[in-house]
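Please look at the sequence and the structure shown here, and then follow the report on its aromatic rings.

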Amino acid sequence: MQAQVLDTMDLERERGITIKAQPARMEYKSTDGNTYILNLIDTPGHVDFGYEVSRSLAACEGALLVIDASQGVEAQTLANVHLAIENNLEIVPVINKIDLPSSDPERIKSEIEEVIGLDPSIAVLASAKNKIGIPEVLEAIVHLMPPPPDTTNLPLRALVFDSYYESYRGIIAYFRIKDGSVSVGDRIRFMANEKTFEVTELGVLCPQQVKVDRLGPGEVGYLAASIKDVSTLVGDTITHAEHGAPEALPGYRPAKPMVFAGIYSIDNDQYPELREALERLKLNDSSLFFEPETSEALGFGFRCGFLGLLHMEIIQERLEREYNLSLITTAPSVIYRVTKTDNTTIMVDNPALLPEANYRLLIEEPYVDAHILVPNEFVGPLMELCQGRRGIFIDMKYLDPRRAMLHYEMPLAEIITDFFDQLKSRSRGYASLDYHFSEYRESRLVKLDILIGGKPVDALSAIVHYEKAPAYGRHLAGKLKKLIPRQLFDVPIQAAIGGKIIARENVSAQRKNVLAKCYGGDISRKRKLLEKQKEGKKRMKSVGTIEIPQEAFMALLKLEE
Amino acid sequence: MSSYSVYIHIPFCAHRCDFCNFTTVTGLDYLAQEYTEVLCQEIAERLQHCSHPPEIASIYFGGGTPGLIDPDLLCRMLAVLRKHCNISDSAEVTLETTPTTVTLDKSRSWLRSGINRISIGVESLCDDELAAIGRDQTGRQSLEGIECARQAGFSNINADLLYGLPGQTLNSWTKTLRETISLGLPHLSAYGLQLGANARLTARHPADSPAYPDEATAVELYEYLVSCCQSAELAQYEVSNFARAGFESKHNLSYWTNDDYFAFGAGAHRYINGVRSSNWRSLKRYMRDYLGAETSEVIDEATRVKEAIFLGLRLRRGINLALFARQYGINLTEKFSEQIKRLVASGHLALKDNWLTLTQHGVLVSNLVLAEFM
């Protein structure tokens with residue numbers, strides 16, 4: 001069997017992470033002599049994909065809590081445990097990767113008891129890679145987790161927890177049956193969408209799709225029904241078109257995007273393809289939000305909302321890979337609450353759209369409760385990092401003799417730059433982060449504009465704290481100077497707050513770039529050199545007569561070198 | 001009826017210079033005889049299909065060091081060409097060579113065989129600069145070589161110079177230029193040093209090494225070159241070429257005006273009937289398969305137009321828009337109105353009396369300006 005068999009996306013394999021929850025069904029003959037059908041769902045762990053996890057948990061009776069035998073309990077482990085407890089799930093801890101020399105299962109067991117508060121005696125020691133502890137895990141599922149109740153006689157109710165688009169079969173829905181049963185040929189109704197279809201194909205996920213004729217209570221499967229023109233299926237309840245259930249299952253709380261960025265195709269002709277790609281991706285990733293927007297610098301594109309920075313990166317990469325698009329993503333922004341002088345309140349998810357200073361009374365920004373789990377020796381550097389990012393210290397708890405849990409209140413805007421990278425690099429990879437939105441708070445924020453060639457470039461505007469603005473402006477201008485290639489003209493770069501220039505740089509014009517000798521009549525070679533130069537320009541955005549490379553629009557992402 | 005140029009590649013060198021990235025071989029001179037036979041065979045076979053003998057206005061022996069091999073071999077190549085072509089009486093027949101290969105005897109043989117123009121790789125007259133690029137000659141040897149060619153009877157002589165060399169300064173460049181110009185030659189070429197990725201010089205001094213003149217100095221070197229030639233009445237007719245009136249190289253001009261040209265020998269590129277193709281660069285491979293192509297590219301109409309623009313703009317007189325429209329059916333000021341307007345406004349191009357020309361400012365950054373039309 002292929003390694004990482006449930007991480008089906010190339011992106012997941014390359015990064016070694018799970019992005020999409022992936023269902024898998026198996027038959028298992030237990031030591032008690034019975035054969036059981038197990039429906040499992042593999043979920044991501046990263047805080048950005050908590051929404052993916054919460055949907056999966058709502059479709060289950062129990063959860064295997066997989067903990068790395070060297071890393072131990074991480075901040076997001078706790079977050080996911082809380083989600084499972086909220087959903088009334090039976091939890092079985094699994095200590096994985098015990099084959100690694102650095103593993104310390106006994107220490108992890110004590111963490112399970114002290115940090116999470118679960119009974120460590122039921123924890124299974126395993127190495128998925130070396131096939132250690134697999135029967136024990138399966139036996140634990142069979143004996144510790146309750147089977148789904150038999151509700152065959154009730155009207156069909158199945159919860160859609162995932163979907164994706166296919167050009168041949170239409171939209172494919174992944175669901176779990178709560179009540180009743182469904183068969184091929186049934187006429188079904190999506191209760192929230194109020195649309196009716198005929199089931200053309202039904203199957204289970206092993207994890208590849210295997211067709212079946214009928215599925216009953218507790219089973220997880222997929223169906224195709226020539227579904228088209230539906231924007232969201234996830235969270236909807238499937239019932240029968242006739243004699244359907246009177247009441248839908250509780251759906252999912254819609255995911256709330258926290259981070260916003262503009263996504264534009266480099267070639268504006270690709271705008272329709274970008275729209276289609278986003279629509280299809282939304283079917284597969286219901287937490288993605290998008291709406292059209294226009295930028296002076298970048299043309300037509302979309303303002304997109306994401307659950308976090310990793311989510312944003314993943315979406316951009318999926319759009320580029322799965323839909324073959326070349327994109328510019330602007331720097332991420334949080335959503336600000338702005339009270340204007342007429343006492344109306346607006347939400348601003350694009351810094352370029354912030355009303356001018358004389359039209360606004362105050363700006364509020366989202367704050368999060370951030371929990372950082374960190375080995376003792378890195379507490380100092382991480383506290384320094386948090387203070388530098390406007391963090392407000394709440395408390396610090398020692399979870400065990402070696403590790404502390406830092407609790408800070410922080411502006412989300414400070415986290416979505418390169419906070420996570422810094423957190424990892426300042427703790428040699430050992431610290432972990434979990435955060436949740438807490439509330440909006442007033443902050444002294446200003447709008448920083450970047451002018452290139454004397455013209456403001458809307459896509460480079462940022463909302464920053466007034467104390468940080470000058471340093472930030474200088475840093476950004478310096479960075480842009482490095483990213484913008486020398487051209488035929490001087491390119492002045494300025495950072496400004498209101499009308500005041502706070503930093504300036506200049507990309508001096510190229511002064512000499514002359515073609516060499518045409519050796520032995522090789523004119524093709526010369527032409528290709530010039531064409532290559534021209535090609536390089538095509539990958540840039542023209543702002544007036546100035547060519548700005550794609551990376552420049554991302555320059556705001558990484559603050560520290 | 002249109003006429004053609006002929007390029008003949010002679011890859012043999014006595015010594016490989018450290019900046020060299022070209023098709024050259026050293027220590028294989030013993031193959032020259034055999035190479036000549038193959039090359040003569042190539043000429044005969046490629047030209048035998050012509051319905052009538054092509055008119056030839058220019059022949060160029062490039063290298064390598066064509067002056068290194070026995071002049072009789074060059075003579076034989078010319079004889080085969082004469083058999084298959086009409087070589088006009090006014091044809092320019094150039095031999096490219098190094099100063100140290102020029103002797104009185106050889107020069108006389110060259111003249112006798114019909115070679116009437118000689119292009120000598122002087123590069124620099126400063127010995128430390130010559131040493132820095134691994135050039136096996138001194139400044140004195142260059143002057144002697146030129147003198148020799150003159151004594152033998154050559155009057156149409158070009159000196160090839162290089163600028164942007166390691167250690168070169170405006171002072172040393174001034175010395176090289178003044179001395180070269182004082183010889184009163186009718187033609188001068190000066191190219192910026194191009195670093196080939198695999199050249200030995202690149203390993204010693206990578207492109208960003210402080211050994212090379214910085215950009216501001218490189219600009220000064222070029223500007224001094226232009227003004228120096230101007231006062232010596234050597235008109236700049238192309239970005240890197242200067243000549244007294246009537247001594248412009250016909251061969252170079254045929255490239256810049258996008259004419260067809262034949263080519264023979266290892267690694268040589270030809271452009272015939274809308275196809276540009278090149279022979280094998282490997283000497284051995286060429287000699288085994290002298291009609292085989294290492295590269296071949298059909299130049300479609302759009303590409304032909306692109307080439308006509310970038311080649312035409314290299315000429316200092318620029319492109320005659322009316323003539324261009326007649327030849328290519330394209331009104332450049334319409335097709336590239338945005339670019340031309342912008343580049344004229346910025347002082348990189350000039351548009352005057354139906355001629356589109358690079359300004360002196362534009363010449364310096366011609367790669368960027370020309371790329372706008374690609």
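Predicted model: local features only at pLDDT ≥ 70, side-chain atom pairs only at ≥ 80, totals over all residues.

W173(B), at a relative accessible area of 0%, is buried. The ring centres of Y163(B) and W173(B) are 5.6 Å apart and their planes stand at 50 degrees, so the pair is tilted; rings of Phe, Tyr and Trp (its six-membered ring) pair if their centres lie within 6.5 Å, with planes under 30 degrees apart counted as stacked, over 60 as edge-to-face and the rest as tilted.

Because Y163(B) belongs to strand β7 (residues 157–163) of chain B and W173(B) to helix α6 (residues 170–182) of chain B, the pair ties together parts 10 residues apart in sequence; helices (H or I, at least four residues) and strands (E, at least two) are DSSP runs numbered from the N terminus.

## Other aromatic rings

Over all chains there are 22 aromatic pairs. One of them is the stacked pair of Y7(B) and Y60(B), with 6.1 Å from centre to centre and 15 degrees between the planes.

## Charges over rings

R444(A) lies over the face of Y466(A), 3.7 Å from the ring centre; a charge sits over a ring if NZ of Lys or CZ of Arg is within 6 Å of the ring centre and within 35 degrees of the ring normal.

## Basis of the values

Residues are numbered from 1 along each chain as its sequence is written, and chains are lettered from A and ligands numbered from 1 in the order in which they are written. Local features need pLDDT of at least 70, side-chain atom pairs count only at pLDDT 80 or more, and totals for chains, interfaces and linings use all residues, while side-chain values use heavy atoms, leaving out hydrogens and water.

Notes. Buried < 20%, exposed > 50% of the residue type's maximum accessible area, 1.4 Å probe, protein only.
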